[in-house]
Amino acid sequence: MPASALARALRAYVRYSPGTLGKAQIIDRFLDEHLRTHPVHTAVRLRSGDTVPVTTSDVIQRFQYLFGEWEPNLSAFLRDRLRPGDTFIDVGAHRGVFSLLASHAVGPHGHVVAIEPHPGFHGDLVSAAAANRRTNIRTVRSAVSDSTGTLTLYVEDPSNLGHTTAVRPQHVHATVEVPTTPLANLISRADLATTRVIKIDVEGAEAAAIRGLLPALPYLRADAELVIEVTPRLLAKQGESAAAVIAALHDHGFHPYTLTNSYDPATYPRTMRRPQTPVRCATPPKAMTDLVFSRTDTDRLMLGC
């Protein structure tokens with residue numbers, strides 16, 4: 001059997017068959033690397049029911065092709081938290097993977113504010129929302145920061161477009177200039193009043209993003225939660241730290257919780273069946289970590305409540 005035909009058959013088994021038997025081995029030993037080096041260009045249906053175009057040389061699109069999902073623990077958390085009529089703020093929306101998911105969860109009377117500065121990714125986001133008739137998604141083409149201005153975004157690796165960053169990497173594949181605006185200036189008071197979750201994934205710019213959000217925190221509802229990807233290595237390059245990000249939000253009554261996030265595709269079949277809940281973050285992370293910030297003070301943020 002040709003490798004491409006074998007890959008299609010194995011992908012069908014991984015994607016659609018029940019259980020997890022042998023799936024991690026198939027992904028780890030063949031499927032992930034084959035799809036990276038022999039990219040498939042197609043449209044796939046996500047778990048949300050939306051259809052998006054993918055090219056499997058890129059890691060996020062490859063995982064969407066294999067599983068119909070990206071970051072299953074975060075996806076499960078958003079499905080659990082968001083309810084019809086809620087607002088979801090997606091900062092660093094990229095091509096819309098979480099905006100599309102949230103659009104279904106908040107329903108026709110809810111709102112998604114999808115903020116993405118990169119013109120190419122923003123274009124993909126707009127196209128995905130239109131193609132899937134997600135009329136409750138409002139897109140904003142801006143970076144978030146603590147001031148109004150411009151900055152340079154760097155694409156380091158075209159096989160990992162989600163790692164586009166404002167912190168100059170050692171190797172630069174492409175650059176683009178984008179506008180910046182404080183997050184508090186991009187969200188209306190009406191949206192803040194109904195916001196259940198704000199997700200911030202800005203690849204090293206999270207400290208400035210939080211400073212730009214702080215003036216808006218008093219207008220959030222009591223159960224609002226934030227999900228922030230913190231990247232200590234990139235923060236340190238700017239004289240920032242994960243500890244300072246945590247402290248700034250703790251001063252406003254938010255407690256940090258670690259949400260497990262693995263980029264190993266072999267972990268996806270089991271994680272999608274049994275997603276993990278956020279657990280209290282006792283010490284600032286030293287590696288890239290997803291943190292949930294909640295006004296709830298407990299050892300574990302339960303799902304399904």
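Predicted model: local features only at pLDDT ≥ 70, side-chain atom pairs only at ≥ 80, totals over all residues.
Some ground rules. Local features need pLDDT of at least 70, side-chain atom pairs count only at pLDDT 80 or more, and totals for chains, interfaces and linings use all residues. Residues are numbered from 1 along each chain as its sequence is written, and side-chain values use heavy atoms, with hydrogens and water left out.

Helices and strands are DSSP runs, numbered from the N terminus; a helix is H or I with at least four residues, a strand is E with at least two. Axes are lines fitted to C-alpha atoms, for helices over the stretch in contact, and angles run from 0 to 180 degrees between N-to-C directions.

Helices first. Start with H1, residues 3-16, and H3. Their axes come within 8 Å and cross at roughly 75 degrees. H1 and H3 are therefore roughly perpendicular to each other. The cut-offs: under 35 degrees is roughly parallel, over 145 roughly antiparallel, 65 to 115 roughly perpendicular, and the rest oblique. From H1, the contact takes Arg-8, Arg-11, Val-14 and Arg-15. From H3, it takes Gln-64, Tyr-65, Leu-66 and Phe-67. Contact here means heavy atoms within 4.5 Å. By class, that is four nonpolar, one polar and three charged residues. Nonpolar covers Ala, Val, Leu, Ile, Met, Phe, Trp, Tyr, Cys and Pro; charged covers Asp, Glu, Lys and Arg; the others, Gly among them, are polar.

Next, H1 on H2. The axes come within 10 Å and cross at roughly 140 degrees. That makes H1 oblique to H2. The crossing of H1 past H2 is left-handed. Left-handed means the near helix is turned anticlockwise from the far one by less than a right angle; right-handed means clockwise. H1 brings residues including Leu-6, Leu-10, Tyr-13 and Val-14 to this contact. H2 brings, among them, Ile-26, Ile-27, Phe-30 and Leu-31. The contact residues divide into ten nonpolar, two polar and two charged.

Which hand does the crossing have, left or right? H2 passes H3 in a right-handed crossing. On the H2 side we have Ile-27, Leu-31, Asp-32, Leu-35 and Arg-36. They meet Arg-62, Phe-63, Tyr-65, Leu-66 and Phe-67 of H3. Seven of these contact residues are nonpolar, none polar and three charged.

Now the sheets. Eight strands form an open, mixed sheet, in the order E5-E4-E3-E9-E10-E13-E11-E12. Two strands pair if DSSP finds at least two bridges between them. E5 (137-140) and E12 (279-280) are the edge strands, each with a single partner, so one side of each has no neighbour in the sheet. E12 runs antiparallel to E11, residues 255-259, and two bridges join them. Thr-258 has Val-279 of E12 as its bridge partner.

H5, residues 97-106, lies across E3 (87-91), E4 (111-115), E5 and E9 (195-200). It runs at about 170 degrees to E4.

The other sheet is an open one of three strands, E6-E8-E7, again with mixed pairing. E6 (143-145) and E7 (149-155) stand at its edges, each with a single partner strand, so one side of each is left without a neighbour in the sheet. From one strand to the next, the twist averages 45 degrees. E6 pairs with E8, residues 174-182, in the parallel sense over three bridges. Ala-143 partners Thr-180 there. E7 and E8 pair antiparallel over seven bridges. In that pairing, Val-155 partners Ala-174.

Last, salt bridges. How many turn up in the whole structure? The search finds 17. The criterion is a side-chain nitrogen of Lys or Arg within 4 Å of a carboxyl oxygen of Asp or Glu. One joins Asp-86 to Arg-221, at 2.9 Å from N to O. Asp-86 sits in the loop between H4 (72-81) and E3, and Arg-221 in the loop between H9 (206-213) and E10 (225-230), so the pair ties together parts 135 residues apart in sequence.
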